[in-house]
Amino acid sequence: MSRTALRICPLCEATCGLTLTIEGTRVTKARGDRDDVFSKGFICPKGASFGAADGDPDRLRTPLVREDGELREATWDEAFDAVAAGLRPVVEEHGPHAVGVVLGNPNVHTMAGALYPPVLLAGLRTHSLFTASTVDQMPKHVSSGLLYGDAVAIPVPDLDRTDHLLLLGANPLESNGSLCTAPDFPGKLKALKARGGTLTVVDPRRTRTAKLADRHVAIRPGTDALLLAAMAYVLFEERLVDLGELAPHVQGVDELADAVRDFTPEAASRSCDVPADVIRELARELAAAPTAAVYGRIGSCTVPHGTLASWLVDVLNILTGNLDRPGGALFPLSATDKASRPAGPGRGFALGRWHSRVSGHPEAKGELPLSALAEEIDTATGEGSPVRALIAVATNPVLSAPDGDRLDKALGSLDFMVSVDPYLNETSRHAHVVLPPPPPSQAPHFDFAFNTFAVHNQVRYTRAAVPLEPGRMAETEILARLVLAATGMHGTDPAAVDTLVTDQTLGKAVTDPHASVHGRDPGELAAALTGDSGPERRLDMMLRLGPYGDGFGARPDGLTLAKVLAHPHGIDLGPLGPRLPQPLKTRSGKVELLPEPIAGDLPRLREALRERSEGLVLIGRRHLRSNNSWLHNVPALTGGTNRCTLHIHPEDAERLGLTDGAPVRVRGAGGAVTAPVEVTDGIRRGVVSLPHGWGHDRPGTRMSHAALDPGVNVNQLLDGSLLDPLSGNAVLNGVPVELTRTS
């Protein structure tokens, strides 16, 4: 007998609602949930392949422990005994910073990944934190922190109401959106055009998104900040700046006008290879639109001026009065955000509170650059101890970080490594202990992170669709036990972690004069929490204390876990709306349009006005059926157009004597790889492209399908020395490469 169950898809940022068909304990089909309040039935190939990904036979089912150099299957007790025995001596002998923590992108796709790593980091007190953010989105966090005082206060385009959308370095028809959670992004862009709106795409490639655009601007990679600065110049020069209702909340407009005076369209045009008259038209169209939004993503982040480009995206929204207004760019309000407090000055956002041991990279948002992980392990010089032990949770930096060969060797030199991962992949193969979480059908799901970037306020929660298989351990319990083993409390009941967090949170809330529970008994509040597990009770607590919550009875119509469970397709919390000045946490209590670190980095951008590389430069690319290195072991999601090929323009191919399908040697500062050529006029001249996340050819992994067509690791072309200085983000796009025809 088959049955159906609802599940929020965890395979990309769109967070679509799925209806799963289940035979026994096996997911046999996935379709879009037409009654889902957010996704309304939309599904992409990844969601449709949920069952294949969930039931992948290469997923690990039991822990692995290294013994005499080899990994063997072990019991959960043996595994956590080994974790405690491996980590604690390192902490006690070398200090907490000798333990590194690496968190991968999948953490934001699970409840456990949101709830427990912060507890782990607080308990360890290590400064050696590295995440996928510094090969992806850290520039946006830093620019938001500097502008608004809060690194997670990221405005998103109001896709459903805008009249004009300018996208830079974004390909949402392939990525499904990023830092902009929007099921059916393609449908929203088509609806924009159907209502008479305008879509402009700035991208070196004629992507699927660019093909849909009214205007495609094929910019030279890495020069987005110059284009945006020149557009800001035009707004000032032609008196098109109009802050509207934003004016009382913004400071630094005159200073900004002075700061961009050198970035004329004519000066910028030489470097970004966009005609000056096109730059002026882009600025005028943005200012003239009834409503407009500028949105930039990974192509504008993973470049030498990523933070400045991210900052200028918001600058243009501000100068045209489109920040914090319907149809523009708005701040979402998640159901688990902290409840609104009276607006006023905050503590602001600081960079460089500590620095990496070897190269002195400043921290950003509590993180060090992932590019620096290898040197922090393999370099003895520098103050303090190298990283001698590593906790890797849902991450594969051997493929996702620059110079994977060096990192591969460095991981092999660690005193101890524990990896939480469902696969034995290019990174986890080095671990002394591997702790495999269950497949997603056996786990509950709530989008703590992505709801803070959602284009419509809503709340949805799905419990596990399939009971936990015998011998498996819930990911929440795995991470709770990892917290205890790493912080000297091995053997304690893992429920103690949730109890500790709950007691601390409620204890703080009852002392807050602005909280709905001020003055109440925290024990009484804890006793009122509902849910079948510690994580569910924590979710109930966050919902009740949140902006839509019942305040533990203070607002009877407010949200609780029970109310969310009673609405299995979700609860619509309404469209995004203006929120300023409440989100601002700057010291001034205003949007600080020209913060000092940004002003200090502008001279470097001015120098770029005089730069123009004439050689070939490399960019990455996404495919609708991929998500970094996650899904290459799922047969249904590989093959066809999802291949690891080098895209090159026909004129460049002819000049270099390259033919379609022939192998070509690609060399960069970090090494060389060989990939088949794919000649296409969908990429501009002077630019070549390799996709991210491939390179599944290392020994000792257990990803049988991925190994059949491993592709090459594009990040091996990078040596890790190129970083955006403000954010520490790796420069992955616009890097010089040389091509050599192979026999």
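Ala, Val, Leu, Ile, Met, Phe, Trp, Tyr, Cys and Pro count here as nonpolar, Asp, Glu, Lys and Arg as charged, and the others, Gly among them, as polar. With that in hand, here are the close-ups of this predicted model.

**View 1. The second largest cavity and its lining, by residue class.** Welcome to one of the five cavities of 30 Å³ or more that the structure holds. The second largest cavity has a volume of about 80 Å³. Of the 14 residues lining this cavity, K140, P155, Y295, G296 and V313 come closest to its centre. Sorted by class, the lining is made of nine nonpolar, two polar and three charged residues.

**View 2. Elements around the second largest cavity.** Which strands and which helix each supply at least two residues of the lining? They are strand 8 (156-157), strand 13 (293-296) and helix 15 (306-319).

**View 3. Helix 20 and helix 22, axis to axis.** Two packed helices are described by the angle between their axes and the distance between the axes. For helix 20 (residues 495-509) and helix 22 (residues 534-545), the axes come within 9 Å and cross at roughly 15°. Angles under 35 degrees count as roughly parallel, and the two helices are therefore roughly parallel to each other. Their crossing is left-handed.

**View 4. The contact of helix 20 with helix 22.** Zoom in on the side of helix 20, and you will find D498, V501, T502, T505, L506 and A509. These residues meet G534, P535, R538, M541 and L545 of helix 22. By class, the contact has six nonpolar, three polar and two charged residues.

Note on methods: Residues are numbered from 1 along each chain as its sequence is written. This is a predicted model: local features need pLDDT of at least 70, side-chain atom pairs count only at pLDDT 80 or more; totals for chains, interfaces and linings use all residues. Side-chain values use heavy atoms; hydrogens and water are left out. On a 1 Å grid over the protein atoms alone, a cavity is a set of points where a 1.4 Å probe fits but cannot get out, and a pocket is an open set with protein on both sides within 12 Å along at least five of seven lines; lining residues have an atom within 4 Å of a point. Grid points are joined across faces, edges and corners, and a volume is the space filled by probe spheres set on the points. Helices (H or I, at least four residues) and strands (E, at least two) are DSSP runs, numbered from the N terminus. Axes are lines fitted to C-alpha atoms, for helices over the stretch in contact, and angles run from 0 to 180 degrees between N-to-C directions. Angles under 35 degrees count as roughly parallel, over 145 as roughly antiparallel, 65 to 115 as roughly perpendicular and the rest as oblique. A crossing is left-handed if the near helix is turned anticlockwise from the far one by less than a right angle, and right-handed if clockwise. Contact means heavy atoms within 4.5 Å.
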